[in-house]
Amino acid sequence: MNLTARERLILSLDFEEKQAALDMLDELKGEIVYCKVGLQLFTKYGISLLHEIKDKGFRLFLDLKFHDIPNTVASAIKSLNSIEVDLLNIHAMCGFEGLKLAKETLQNLHPKSKLIAVTVLTSLNNELLSQMGIPVKSEELVLQLCKVTQNAGLDGVVCSAQEVQNIKNTLGKDFLAVCPGIRRATDDVNDQKRIVTPSQAIQNGADWIVVGRPIIKAPSPGTEARLIITEIEKGMQND
Ligand code: C5P
């Protein structure tokens, strides 16, 4: 994919109120072209908020991490018929059949939209996996779920920028990687555990990076966004 540095930054709109999210987009218009809406805002405001964001001209990653039986997930995707989201995600643990049906359903509805999978939540470690009866190391499980995801025809995965090199080496360069957990060296880490800088993430092979608090909590969100975009450019030069 031939994306500019600006197009590779996804702003995570982690706000309680929609007005705060829309105000942030107005403030960052010209800097930011891509944003992410997650469960918090979607649960409160639904599809109408997505329309407001798209009407402002932004690209949209709808981060709802669907996880249910194939028919239910496909039906939920059909409910997005009025809105073309650019990126949508689903849990890889839905399994091959569910993933395949989800991809086919989205493809029929919005051929340009991309479907990516969440493999293992970054909040889970080996101990928590074993507690749930999954005696596999999380890195192995991530790669195994990536393979299922690719075989089912999906476009890529959400993953840590620390995992992306390994994923690209195994699954190929065209398998898309969307990476959260990004911080510039001087940013607050917040609750993220395994952070990577924007330039390193891009060098590692991330197609998009997702950034929330470093931008939305910054004294000058525009300045922070510009610094991150400059770092992405640097990463692209060493790509
Ligand atoms: O504020 P911050 O940059 O940490 O925000 C990252 C965003 O990416 C949040 O919306 C978070 O829920 C999301 N995310 C993540 N790690 C994952 C998947 C999603 O941080 N593995």
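1. Let's start with the ligand. Around it stand Ser12, Asp14, Lys36, Thr122, Pro180, Arg183, Gln192, Val210, Val211, Gly212, Arg213 and Pro214, where a residue is listed if one of its heavy atoms lies within 4 Å of the molecule. Please keep in mind that this is a predicted model, in which local features need pLDDT of at least 70, side-chain atom pairs count only at pLDDT 80 or more, and totals for chains, interfaces and linings use all residues. Residues are numbered from 1 along each chain as its sequence is written, and side-chain values use heavy atoms, with hydrogens and water left out.

2. Next, the aromatic rings. How many aromatic pairs does a search of the whole structure find? The search finds one, with rings of Phe, Tyr and Trp (its six-membered ring) counted as a pair if their centres lie within 6.5 Å; planes under 30 degrees apart are stacked, over 60 edge-to-face and the rest tilted. The partners are Tyr34 and Trp208, edge-to-face at 5.9 Å centre to centre with 70 degrees between the planes. Tyr34 belongs to strand E2 (residues 34-38) and Trp208 to strand E8 (residues 208-211), so the pair links distant parts of the chain, 174 residues apart; helices (H or I, at least four residues) and strands (E, at least two) are DSSP runs, numbered from the N terminus.

3. The cut-offs are under 20% relative accessible area for buried, over 50% for exposed and partly exposed in between (1.4 Å probe, protein chains only).

4. Glu7 is worth a look alongside that pair. Glu7 sits in the segment before strand E1 (9-12) and is buried, with a relative accessible area of 16%. Not counting residues up to four places away in sequence, Glu7 touches Asn2, Val33, Tyr34, Arg59 and Trp208, contact being heavy atoms within 4.5 Å. A polar atom of the Glu7 side chain also lies 2.8 Å from the backbone nitrogen of Thr4.

5. Helix H3 (residues 70-78) has Val73, Ala74 and Ile77 as its buried residues. They lie on the same side of H3 because they cover an arc of only 100 degrees around the axis, taken from the directions from the helix axis to the C-beta atoms. The cover over these residues includes strand E3 (59-66), strand E4 (87-91) and helix H4 (96-109). On the face turned away from the buried side are the exposed residues Asn71 and Lys78.

6. Two backbone angles deserve a check by eye. Lys65, in strand E3, has a positive phi of about 45 degrees although it is not a glycine; Lys65 is partly exposed at 31% relative accessibility. Asn190, in the loop between strand E7 (176-179) and helix H8 (198-204), has a phi near 55 degrees, again positive in a residue other than glycine. Asn190 is partly exposed, at 38%.

7. Ser160 lies in the loop between strand E6 (156-158) and helix H7 (164-171) and is buried at 5% relative accessibility. Leaving aside neighbours within four places in sequence, Ser160 is in contact with Cys179 and Arg194. Glu224, in helix H10 (residues 221-237), is buried at 7%. With its neighbours within four places left out, Glu224 is in contact with Arg184, Asp187, Pro214, Ile215 and Ala218; Pro214 is also one of the residues around the ligand.

Conventions:
A polar contact is a pair of N or O atoms within 3.5 Å; within protein, one must be able to donate a hydrogen and the other to accept it, and residues adjacent in sequence count only if both atoms are side-chain atoms.
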